[in-house]
Amino acid sequence: MHLENISLTHFKNYASQEVAFSPQINCFVGPNGSGKTNLLDAIYYLCLTKSAFNAVDMQNIQHEADFFTIRSSAVKADKSYKLACIQEQGKKKQVSNNGKAYDRVSEHIGEFPCVLIAPDDTQLIKEGSEERRKFFDGILSQLDRVYLDQLMQYGHYLKQRNALLKQFAERQYIEQDLLDSYNSQLFRLGRLIYERRREFILSFIPIFEKHYAMLSDDKEQVGVRYESDVAAADFEQAFRQSQRKDLILKRTTMGVHKDEFVFEIDGFPIKKFGSQGQQKSFLIALKLAQFEILAAEKGTKPLLLLDDIFDKLDDQRIAKLLELVAAQTFGQIFVTDARPERSREILASIEAEVRFFEIQSGRVALIN
Amino acid sequence: MNFPSKLIEDAVNEISRLPGIGKKTALRLVLHLLKEDTSSSMQLAEAIVKLRTEIKYCAKCHNISDAEICQICTSPRRQQQLICVVEDTRDVLAIENTAQYQGLYHVLGGVISPVRGIGPSELKIEQLIERIKTAETPVEEIILALSPTMEGDTTAFFVTKKLKEFNIKVSTIARGIPIGGELEYTDEITLGRSILTRTHYQTD
Ligand SMILES: Nc1ncnc2c1ncn2[C@@H]1O[C@H](COP(=O)(O)OP(=O)(O)OP(=O)(O)O)[C@@H](O)[C@H]1O
Ligand SMILES: [Mg+2]
Ligand SMILES: [Zn+2]
């Protein structure tokens, strides 16, 4: 699949802009703060109905404006689609495909797969378990609509249960039947989510290992270990026993919303024991595995968004990535770089239609 | 919007608070009222005041009613052993319009949502239990006709738990593929659910 163009109105620092893309490689250069990442984010929005960087939809509307629109003509399996995402101040976000608005925007997720490699991917290793759950849930949500729905329902029931815990704690009174109603929904959905994550990780690991080995010349063993409260045989009993604690903390302390994916290198957590280079390879390998799985399951190559990677990667890893590009592993690619000469030099060796764009404070110009 | 008069502005603000009415429509309604006879505005105001102050709820089913007990509850043609539990009056109207149901109703007045501060005590759940306990004709079946949202499901679950102590059949309305709808175009969630809650095929 690929995007033929994009048209933005009042999106972040873009007042009004149209860009016609190459179906192969598009490179955006320009000074810091000019809007390179914002342009990638607009593409991400069209695919996944949200920003990769700012979860508050309204804050992606250009300052002082009261709406944004992102539009694009996409081509998938020789069919063309008109995609649009519209956010008005104080209103519900609207996503449409060929003029038909989705009842629920989540129905769009997975239709146009996309993978983003960005500098703040390091959060995946450095931050808490939530970041890693988000990563794997992000892949699964693009693969499996039913999973996404279960996940959203789980989150909803969790919010309700936590609100209930708060009320009970304040009123010093418990309606056990009501808590049980939420518990049983969380048990049911939690088990489904756990099974799906477990099964997914098993298929993910070998693909991930393959990409890591390709990227690094060292022979260290890497892995992802999935840990969940739900895995315990007596989970439901343990969950019930933690009710007292839940009431004190006013939140639900056990369940799949606490799941952890441990990133390991030679059996130790990579966060503490991995070198910087190993961590970089690890992150890229995670994203390449995501790309490969989405491409295989969706039957179409996801869009690949590469934000500032020439800055973050050393020559050796860049060379490996370019080998993959040259081998036509990817479909349409969008790259950003603050240094024009560098990307020109790097991409010169690639045989593909490369379009260079210069961005200056929210204005994009083709400079090939 | 700028108004030539504070009186008009106040009226527009009040009317546009109603669901589905924006400022423009409200202004149109206000100007219309001013064009009409004074008496029509008086009648409207009176009807609204009366509605709020004199409205009654049926002591049995909690549906809106002009009398102490509503027409449905007092009707001799209704099956007394059957109670359909719904969220609000609109649901009663919808089911009545199908002309397929001959039992009684019980209006909960909402669904449980702790996030919005609505717990069981804000709804008529205790009253349902009491009603079953004191019913002259023993209740045989409770039909839960709550919307298929997460709040609706939780409420159904909770009510079912509360009904465990009685020996009553509890059922829930079927949900799934719309009639005349095509399988292929039904969303995965609905289709998946319809398969899980499939029903026995009857040939007669
Ligand atoms: N809602 C918004 N309205 C207006 N401007 C915004 C909005 N959100 C972000 N911006 C602006 O966008 C600019 C950042 O753009 P972006 O992150 O795309 O830069 P960049 O070209 O990727 O820079 P770098 O090379 O530093 O990564 C900032 O100047 C920021 O103020
Ligand atoms: Mg940037
Ligand atoms: Zn009644």
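This is a predicted model: local features need pLDDT of at least 70, side-chain atom pairs count only at pLDDT 80 or more; totals for chains, interfaces and linings use all residues.
**The side of chain B that touches chain A**

In the model, 13 residues of chain B are in contact with 19 residues of chain A. On the chain B side, the elements giving two or more residues are α7 and α8 (188–196). Helix α7(B) provides the largest share of that side, with 6 residues. By residue class, the side of chain B that touches chain A comprises 7 nonpolar, 3 polar and 3 charged residues.

**Helix α7 of chain B**

Helix α7 of chain B covers residues 150–163. At 1.5 Å a residue, its 14 residues should span 20 Å, and the separation of its end C-alpha atoms, 20 Å, agrees with this. The buried residues of α7(B) are B:Glu151, B:Asp153, B:Thr154, B:Thr155, B:Ala156, B:Phe157, B:Phe158, B:Val159 and B:Leu163. Within chain B, the buried residues of α7(B) pack against β3 (79–86), α6 (125–134), β5 (141–144) and β6 (169–172); in chain A, they pack against α5 (176–215).

Which residues does B:Phe157 contact, leaving aside its neighbours within four places in sequence? These are A:Ser181 and A:Ser184. B:Phe157 lies in helix α7 of chain B and counts as buried because 20 other C-beta atoms lie within 10 Å, the cut-off for burial being 20 or more. B:Leu144 is 13 residues from B:Phe157 along the chain, and their C-alpha atoms are separated by 9.7 Å.

**Helix α5 of chain B**

Helix α5 of chain B (residues 89–98) is hardly covered: of its 10 residues, the count of buried ones is 1. Just after α5(B), B:Ala99 adopts a positive phi of about 55°.

**Helix pairs in chain A**

| Helix pair | Axes come within | Crossing angle |
|---|---|---|
| α5(A) and α9(A) (276–298) | 8 Å | roughly 130° |
| α3(A) (129–143) and α4(A) (145–171) | 6 Å | roughly 130° |

Helices α3(A) and α4(A), whose axes cross at roughly 130°, are therefore oblique to each other. Their contact involves A:Asp137, A:Leu140 and A:Ser141 from α3(A), together with A:Tyr147, A:Leu148 and A:Leu151 from α4(A). The residues of this contact divide into 4 nonpolar, 1 polar and 1 charged.

For α5(A) and α9(A), the axes cross at roughly 130°, so this pair is likewise oblique. The crossing of α5(A) past α9(A) is right-handed. On α5(A), the residues that meet α9(A) are A:Phe204, A:Ile207, A:Phe208, A:His211, A:Tyr212 and A:Leu215. Their counterparts in α9(A) are A:Ser281, A:Phe282, A:Ile284, A:Ala285, A:Leu286, A:Leu288, A:Ala289, A:Glu292 and A:Ile293. By class, the residues of the contact of α5(A) with α9(A) are 12 nonpolar, 2 polar and 1 charged.

Is A:Ala118 buried or exposed? A:Ala118 is buried, because 22 other C-beta atoms lie within 10 Å, where 20 or more are required. A:Ala118 is located in the loop between β9 (114–117) and α2 (123–126) of chain A. Not counting residues up to four places away in sequence, A:Ala118 touches A:Ala52 and A:Asp307. A:Leu305 is 187 residues from A:Ala118 in sequence, with a C-alpha to C-alpha distance of 8.0 Å.

Definitions and conventions: Residues are numbered from 1 along each chain as its sequence is written. Chains are lettered from A and ligands numbered from 1 in the order in which they are written. Helices (H or I, at least four residues) and strands (E, at least two) are DSSP runs, numbered from the N terminus. The expected span of a helix is 1.5 Å times one less than its number of residues. A residue is buried if 20 or more other C-beta atoms lie within 10 Å of its own, exposed if 12 or fewer, and partly exposed in between; C-beta atoms are placed from the backbone. Two residues are in contact if their C-beta atoms, placed from the backbone, lie within 7 Å. Axes are lines fitted to C-alpha atoms, for helices over the stretch in contact, and angles run from 0 to 180 degrees between N-to-C directions. Angles under 35 degrees count as roughly parallel, over 145 as roughly antiparallel, 65 to 115 as roughly perpendicular and the rest as oblique. A crossing is left-handed if the near helix is turned anticlockwise from the far one by less than a right angle, and right-handed if clockwise. Ala, Val, Leu, Ile, Met, Phe, Trp, Tyr, Cys and Pro count as nonpolar, Asp, Glu, Lys and Arg as charged, and the others, Gly among them, as polar.
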